[in-house]
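Open the model in your viewer and keep the selection tool at hand.

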Amino acid sequence: MTDQAVSRDENTGDVQRLKRNAVGTVGVIFMAVATAAPITAMVGNVPIAVGFGNGSHAPAGYIVATVVLGLFAIGYATMAKHITATGAFYGYISHGLGRIMGMASGLLITMAYIVFEASLIGIFSFFFQNLFKSQFDVTVPWLVPAILMLVLNCILTYFDVNLTAKVLGVFLVTEIVMLSLGALAVLFKGGGPDGFAVAETLNPIGAFTPAAVAGASAGLGLFFAFWSWVGFESTAMYGEESKDPKRIIPRATMISVLGVGIFYVFVSWMAIAGTGPAKSVELAQSADTSSEIFFGNVRGTYGEWAITLFNILLVTGSFACGMAFHNCASRYLYALGREGLSKGLQKSIGATHPTHGSPHIASFVQTGITLVLILAFYFAGMDPYIHMYTLLAILGTMAILVVQALCAFAVIAYFHFHKNHPSSAHWFKTFLAPLLGGIGMLYVVYLLWEHKDAAAGAASGTLLFKLTPWIVVGLFVFGAGMALYFKLRDPRRYDLIGRIVYEDNVVRD
């Protein structure tokens, strides 16, 4: 066995593959961007950044995030040209930093995507409750929409991934259109009370300057900017199901990162300019008025019906995001299960549907785990937004940022220390860009740590919040320990960690 890939042998058994050629570039982009949930990211994150972070310079924070994530994506996309793996980070880090770091990162990133689905179910339930209360004056227990979304996620993941891509595509297009309508209204009007307020919104230096209100922190604003992108890296997970992964995945990754970045900057800029920088900060200080930064411009141009549509799209947008994370979590569970580290896991969560080629058993497992999380929060009397969404989002974000930083450094190691594919090694693409991106990711981890109480808000006093750093560290150490166990007790299985296990998906030249 080489250090590059593991072919099918007696250790791997009959590996079952995901359906090939099931999705193209547009489908991969839809699924990746859906995890970012543009409408939720804008309406949910921008007001917090404006009111308690870098104030009216929140769009500049998105410029900084676009640059850092773009640098990371350059190296990530180059890696995707040579390695196609459903386990994405898991496989990349295993090849770059070794199997021990790979297994530790694999468990950590799997946990992140598992809890992200439950987190999005929390905010979906919150938006669902608000919609029914405002439109029908009906109070729906949040457990009802939570279970509804979970069941729909499971059903859709059971079938061909192309079905999921189409559903996500419809939801994604509608929320992008809605956000664009509000932004374009401001653009065509020539801005708001202070015009386009370019100096007050887009100056990159302002991204590091706190709002002129008590307790504001620029670091919190930057963190929420980065938080708005979580999930963009999921493009690589669909490599084995795409029609031409060597071409599609790098392209979809860069389009997702840069496209989302430009869109976020434009939409947040127009919202703040249309409202007025000073007025935006004032509105963002209260939870009751914070959404008016976006709603006010839409209502003033199109009327009250547009606000109703906006609220509907908040429901469908959060559903699309949660469904995308369900797909991601299922594929990570599948990737860990199929490698032959355990015969039982290989035949269960490592199996694919004989007709649809989907990771259906891994999806059922993900559904079961998420159901337990939902019920735990519900019977503990916790709020779906304040507690379930916020706490699980912080836990998952902390984990994913650590793994993203490791992946950036794995790119450097893969091309420059291990000397793989010299023709692709480049001083900028595979060294400087991922180095700067990785350092940027570590900086965001620091921002999260420094401002975790503010990010958690009313949920900061809970036991889960206090345990979050220990869960991340503990799971990472457990994964590393498991890999060490295999190295010492079962070297043949150790060789399989993070390696592609059938010929169609070996490392590509």
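On a 1 Å grid over the protein atoms alone, a cavity is a set of points where a 1.4 Å probe fits but cannot get out; a pocket is an open set with protein on both sides within 12 Å along at least five of seven lines, and lining residues have an atom within 4 Å of a point. A volume is the space filled by probe spheres set on the points, with grid points joined across faces, edges and corners. By that search, the whole structure has 5 cavities of 30 Å³ or more.

This is a predicted model: local features need pLDDT of at least 70, side-chain atom pairs count only at pLDDT 80 or more, and totals for chains, interfaces and linings use all residues. Residues are numbered from 1 along each chain as its sequence is written, and side-chain values use heavy atoms, with hydrogens and water left out.

**Stop 1: the largest pocket**

Select Gly 44, Phe 126, Ala 287, Ser 290 and Tyr 385. Of the 39 lining residues, these lie nearest the centre of the largest pocket. Its volume is about 1100 Å³. Now colour α2 (38-52), α5 (99-136), α9 (218-227), α13 (304-337), α16 and α18 (452-456); each gives two or more residues to the lining. Helices here are DSSP runs (H or I, at least four residues), as are strands (E, at least two), numbered from the N terminus. The pocket lining has 23 nonpolar, 14 polar and 2 charged residues. In this count Ala, Val, Leu, Ile, Met, Phe, Trp, Tyr, Cys and Pro are nonpolar, Asp, Glu, Lys and Arg are charged, and the others, Gly among them, are polar.

**Stop 2: the largest cavity**

By class, the lining has 11 nonpolar, 5 polar and no charged residues.

**Stop 3: the second largest cavity**

Go to α7 (161-189), α10 (245-275) and α12 (292-302). Each supplies at least two residues of the lining of the second largest cavity. Its space is about 70 Å³. Leu 179, Met 270 and Phe 294 are among the residues that line it.

**Stop 4: two helix pairs**

Show α5 with α13. They pack at an angle of about 160°, with axes 8 Å apart. Axes are lines fitted to C-alpha atoms, for helices over the stretch in contact, and angles run from 0 to 180 degrees between N-to-C directions. Their contact holds 22 nonpolar, 8 polar and 1 charged residues.

Next, select α16 (residues 384-417) and α17 (residues 428-450). Here the angle is about 160° and the axes are 9 Å apart. The contact has 20 nonpolar, 5 polar and no charged residues.

**Stop 5: a ring pair**

Finish at Phe 72 and Tyr 76. Both lie in helix α3 (residues 58-80), 4 residues apart, about one turn of the helix. Rings of Phe, Tyr and Trp (its six-membered ring) pair if their centres lie within 6.5 Å; planes under 30 degrees apart count as stacked, over 60 as edge-to-face and the rest as tilted. The count comes to 34 aromatic pairs. Phe 72 and Tyr 76 are a stacked one, 5.4 Å centre to centre with 25° between the planes.
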